[in-house]
Amino acid sequence: MKRWTFDRRTLVTVGLAAILGACSVIPKGAERPRPVATTPAPEPTESLPSDETRHRIALLVPMSGQNGAVGQSIANATTMALLDTNASNLRITTYDTAKGPEEAARQAIAEGNKLILGPLLGSNIPSVVAPAQAADVPVISFSNDTGAAGPDVYIMGHIPEQSIMRSVQYARNKGARNFAIIAPDGEYGARAESAMRNAVAAYGGAVVWTERFARGNTSIVSAAERLKAHGGYDTVLIADGARLAAQAAGVLKSGGATTPQLLGTELWSGESSVTRASALRGAWFSAVSDGRYKRFVDSYEARFGSQPYRIATLGYDAVLLTLRVARDWRVGRDFPQGALRSDDGFLGLDGAFRFTRDGLVERAFEVREVREGSVVVVENAADRF
């Protein structure tokens, strides 16, 4: 079964429709009053100096163009990871995928890099993988494009299905039995429904009703009205952002003797409107822990004078896992991919994670409850697998 998860503030500036393709999602952090500061990360040159004590790692991200600020934020985070860990056994060289992902990958390989971190966009993965696989260089992508995973290709981006799986598991433990879903038309809605059905199959219960809608205020309200008329459920997953979810919740909670338990998705994480909507109070949703993220943001701001994109944590954590593997990795040898599939996994800014046998990241999630004016953690994420 494929699993997927997203992160807080995923949709600050990117329309929800952009998420559905999974290949071009750029989760954004808080609004930045200043441009993302540049990092002294080395750029590729015609001839890198020889390394006898350091592993060569390539970072393939956009450093120019539309997504240049995102790539710069990730590059800054990798520099932070090296500084924070006093790592002296890694050389990370940044290659600009905006100038051509395949060209960037070929240059990285020609210059002796044994591991590629990136690319950011799922649409760039095929161009990077072709030369990388020919050279036996594995790729750890920051994308959440689950379809791109495979031999030598690891998907590290947050995969939304896992959030739904975790919420259904928690709901079942709290007595939920009969599930319904309101989901948008299109790929995201289909994946959300599939995730819920897979979770119910795994943890028990029954999926008794599904309502789809075309995005628009009246459409989700109509879907909620149809679902309310049907009845027969005790738990409803509303697979959309907080604003539309609140409109559906208002219908489901009005004028009934009993109200269903509501579940949200990772799209609610970081949305300020969640706590302002009284209809969402008591709803549960799951996300990766933000416990370490605040400290990361403070440190990042102190070093670079600006706030990072939320996705920058992936760059930081990619360096941490590389350092973990490097304990038993001899300089000049191929990267030991088997170490990525450790059942124990790794611990990073976004919590515990590991890669499954099919190359997809698996993450630990906490469960949150919406209350008046706040969102509280009601079940912590596991700190290890």
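Tutor: We take helix pairs, then a single helix, then a single residue.

Tutor: This is a predicted model, so local features need pLDDT of at least 70 and side-chain atom pairs count only at pLDDT 80 or more, while totals for chains, interfaces and linings use all residues. Residues are numbered from 1 along each chain as its sequence is written, and side-chain values use heavy atoms, with hydrogens and water left out.

Student: At what angle do H3 and H4 pack?

Tutor: Helices are DSSP runs (H or I, at least four residues), numbered from the N terminus. Axes are lines fitted to C-alpha atoms over the stretch in contact, with angles from 0 to 180 degrees between N-to-C directions. H3 (residues 101–110) and H4 (residues 125–134) pack at about 25°, axes 7 Å apart. That makes the pair roughly parallel; the classes are under 35 degrees roughly parallel, over 145 roughly antiparallel, 65 to 115 roughly perpendicular, the rest oblique.

Student: Which residues make the contact?

Tutor: Contact means heavy atoms within 4.5 Å. H3 supplies Pro101, Glu102, Ala105, Arg106 and Ile109; H4 supplies Ser127, Val128, Pro131 and Ala132. They divide into 6 nonpolar, 1 polar and 2 charged. Nonpolar covers Ala, Val, Leu, Ile, Met, Phe, Trp, Tyr, Cys and Pro; charged covers Asp, Glu, Lys and Arg; the others, Gly among them, are polar.

Student: How do H2 and H10 cross?

Tutor: The axes of H2 (residues 68–85) and H10 (residues 293–304) come within 11 Å and cross at roughly 100°. The two are therefore roughly perpendicular. Ser73, Asn76, Ala77, Met80, Leu83 and Asp84 of H2 meet Phe296, Ser299, Tyr300, Arg303 and Phe304 of H10. That contact holds 6 nonpolar, 3 polar and 2 charged residues.

Student: What should the 17 residues of H6 span?

Tutor: Expected span is 1.5 Å times one less than the number of residues. For H6 (residues 187–203) that gives 24 Å, and the end C-alpha atoms are 24 Å apart, which agrees. Just after H6, Gly204 has a positive phi of about 100°.

Student: Which residues of H6 are buried?

Tutor: Buried means under 20% relative accessible area, exposed over 50%, partly exposed in between (1.4 Å probe, protein chains only). The buried residues in H6 include Tyr188, Arg191, Ala195 and Met196.

Student: Is Ala318 buried or exposed?

Tutor: Ala318 counts as buried, at 0% relative accessibility. Ala318 lies in H11 (residues 312–326). Leaving out residues up to four places away in sequence, Ala318 touches Leu117, Phe142 and Met156.
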